[in-house]
Amino acid sequence: FRSNEYKSYLRMGKKVKIPRGAIKKESKLKNAIESDLNNYTPEPLFLNYDEKVLAMMVYLSSVSIYIYTMYPGLPGGDSGELMATAKDFGVSHPPGYPTFTTLAALMINLFPFGTTAWKTNLLSTLIAGFANVVMYINVKRFTGSDSMGVLTAGWCGFSRIFWMWSIQGEVFSFSNFFAASIMYVTWRFANADGQAGKYYEAKLGALICGLALTNQHTSVLYIFPTSLWVLFTLWKYDLAQFNRLFRVGLHGLLGLAPYIQLPISTLFFKARVSWGDHRLFSDFKKHLLREDFGTFRLVSSNEQSTFLDNFMVYFTDSSRELTIVVWILVAMAMVAVAWKGTIKQKEVFTIYVLMFSTYHLVFCSLANIKNPQGIFHGVLERFWLQPSITLSTMAGCGLGMLVTLANSKIPNLRYLFLATAILLTSYQVQRNYYDCNENDNLYFYHYSRNILPNVPRRSIILTSGDFSTNTFRYHTIGEEYRTDVMVMDMQFMQAVWFYTVLMPVNWPDVQFPGVYKAGKGHKYPFYNLKQFLDANMDKFPDIYMCVNPPDGENSIEGYYEAWPFGLCRKFVKLNSPSKPDPLEYVKTLPFWDLDTTPLPDVARYEPETWEFTLLNSILESYVKPAMFLWNQANAYTGRDDMVDLRRQYYTKALEIYLENRRYLYDHMERGTISNSTRELLYPLDKNIGHLSLILHAMSTDPEVKKHHEQNCIKYWTLYTELYSSEVLMRDDMISTIRSVLKVGNLGNIRIKI
């Protein structure tokens, strides 16, 4: 009844005499087929004992190194927010990362040892180890070469970017695991036997793809080409009936089930930090699709970049991380698969190429970071992890096929190749160990601990962006430290859900006169920073801002000033009886304690790292008090009655510059500041010379005038010697120095430090 002959008769329109009882037999046959499909025994994860032992070695060795080098405390970036939301089972930034949040919440609240940061970092290392195992198994299955599986897992797993994101509490180790798993289940599906095998692996793949989408939206760029191929294969195997495709789809929905965490969090958990009001479907959809940023856009801006620009950034980065040899091996793999590959190998390798190509065609066209420099390059390079796994796997497949061919020609080479793979992996570890060993990195822990102990009880700290916001979130929520301090994200304050979800839980006593500069179309009025300060300054006199004011925020001008306070600023109301004296105020300011906490080494941390951003902020904090007094003095320019006060401000500013310069250079000699940081200290020399020039012009005492003249020459010379190759000193400034000091060419003066 189901024979090919019968089907061909039907296609030709011929009548077929159906035997008696055929309908009943057909029903029994259908039931038997369904039973076979549902009782299929899948291929085991490990085919033999040797494979199991090597997989265990890959896992234990990689996780051991990851744990040894992982951050002992809080890393920079999004980690602080992810840890704080997991602690309270809140909702992280779009798209929410519910799988990560759920597992991190279990780890934080159930694992008995360590801080919140340490536990979350440990979770990332454990998941990263599984990603390496999946890469090993995938290449081993494809080529039959266990040595090339080990090499692929080791070379990719200990590349700098993969290693760095495996040792901190972030979502990217999960992304790596899911990307490797999608590639592995693709191989399993291609090699599954018969209808039952294809049906089982399709359901397994749908489940993994659904889970991948709960962690990183870019996974859809792997899922899309793979799904089309799977659907076509199911159709070839007569498995494209609605009921079977529906069951495959149900497994995909089951994989997406962690997204139920978003509304559950809003409804039942009063999280102290959480994004969105997920009681509303509109907010849930907006969060899920990242509508505030753009689904595949990295920042909420209108900047545009081209596919070619972004792909060349990837090519440069991957050639540095994995070496150019990997690209050569991928080209060799294409030839090897086309020449010696089986039909299934060709099929799977083609899908891998489509995954890699689709990812770059879409992501590199939509990622809106133009000419990424500094920290923005660091934001972009995280999204090279998934295609780098594919690139490494394809290279391993090509090299593995050549190794398998060599083994067939010359027996007993297996252990030689395995030893070579281990040696090359060891070389990769040694190559990136210096950059990736963060086991003493407590810089971001000390950033918050440098500020929070110095603010009074019930202070308000306004923040924005990842750097300051997430470090404070972690300490006040993740570590329950200084919970009396109210940390408010000015980005959150522009959303209505801030006032409906977070405000009642965190700040019921704070007055919010509407929504801070939010969009239109809601019942709340707008307010600006001045109105917020007016509403709260009497009740909460200690209000700080640990971020630059938002673009266009100038409402406080003439009413409030933001005075320096260590790494932050404190709001001071003008024309207030309680306004402190600036000269007395600067004597009480906190500074980063270099005696207990060394600065990050600029020779190690490149501009795309958060450590480099932190280093700049710390060095700026040594400049801000003097700049503050300088600006106070400039405010009285032209007033004859304020000449003495201006001179006092300038003199004190110069004293602060000189004192901080001595302090920083003293620590440079001790080694707590690296010598490579010297170039970041040029504003000190430049500003000391400039202030000396001003005081020289204001002084009437010949001895004082001569002292300032010597200082001016000395420090401007140091500055010009350091930056002789750059045009950082304007010609009019040089002319002013010459005319005031009556000296010749400053470039001919040589003064040692």
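Colleague: Quick one to start: is Cys 436 buried or exposed?
Modeller: Cys 436 is buried, as its relative accessible area is 0%. Buried means under 20% relative accessible area, exposed over 50%, and partly exposed in between, using a 1.4 Å probe and protein chains only. Bear in mind that this is a predicted model, where local features need pLDDT of at least 70, side-chain atom pairs count only at pLDDT 80 or more, and totals for chains, interfaces and linings use all residues. Residues are numbered from 1 along each chain as its sequence is written, and side-chain values use heavy atoms, with hydrogens and water left out.

Colleague: And Cys 397, buried or exposed?
Modeller: Cys 397 is buried, with a relative accessible area of 0%.

Colleague: OK, how many disulfides are there?
Modeller: The count is 1 disulfide, taking a disulfide as a pair of cysteine sulfur atoms within 2.5 Å. Cys 546 is joined to Cys 568, with S to S at 1.8 Å.

Colleague: Which parts does that pair tie together?
Modeller: Cys 546 sits in the loop between strand S5 (543-545) and strand S6 (560-565), and Cys 568 in strand S7 (residues 568-573), so the pair ties together parts that are 22 residues apart in sequence. Helices (H or I, at least four residues) and strands (E, at least two) are DSSP runs, numbered from the N terminus.

Colleague: Why is the disulfide called right-handed?
Modeller: Because the torsion about the S-S bond of Cys 546 and Cys 568 is about 100 degrees.

Colleague: Are those two cysteines buried or exposed?
Modeller: Cys 546 counts as buried at 8% relative accessibility, and Cys 568 counts as buried at 1%.

Colleague: Changing topic: what do S1, helix H22 and S2 make?
Modeller: A right-handed β-α-β unit, with H22 covering residues 466-478. Right-handed here means that, with the strands pointing away from the viewer, the path from the first strand over the helix to the second runs clockwise.

Colleague: How many bridges join S1 to S2?
Modeller: 4 bridges, and the two strands run parallel; strands pair if DSSP finds at least two bridges between them. Ile 460 stands opposite Met 486 in S2.

Colleague: Which way do the S2 residues point?
Modeller: Met 486 and Met 488 point one way, Val 487 and Asp 489 the other, and all are buried. In a regular strand, side chains alternate between the two faces of the sheet.

Colleague: And how many helices and strands are in the protein chain?
Modeller: The protein chain has 30 helices and 7 strands. Of its 753 residues, 54% count as buried.
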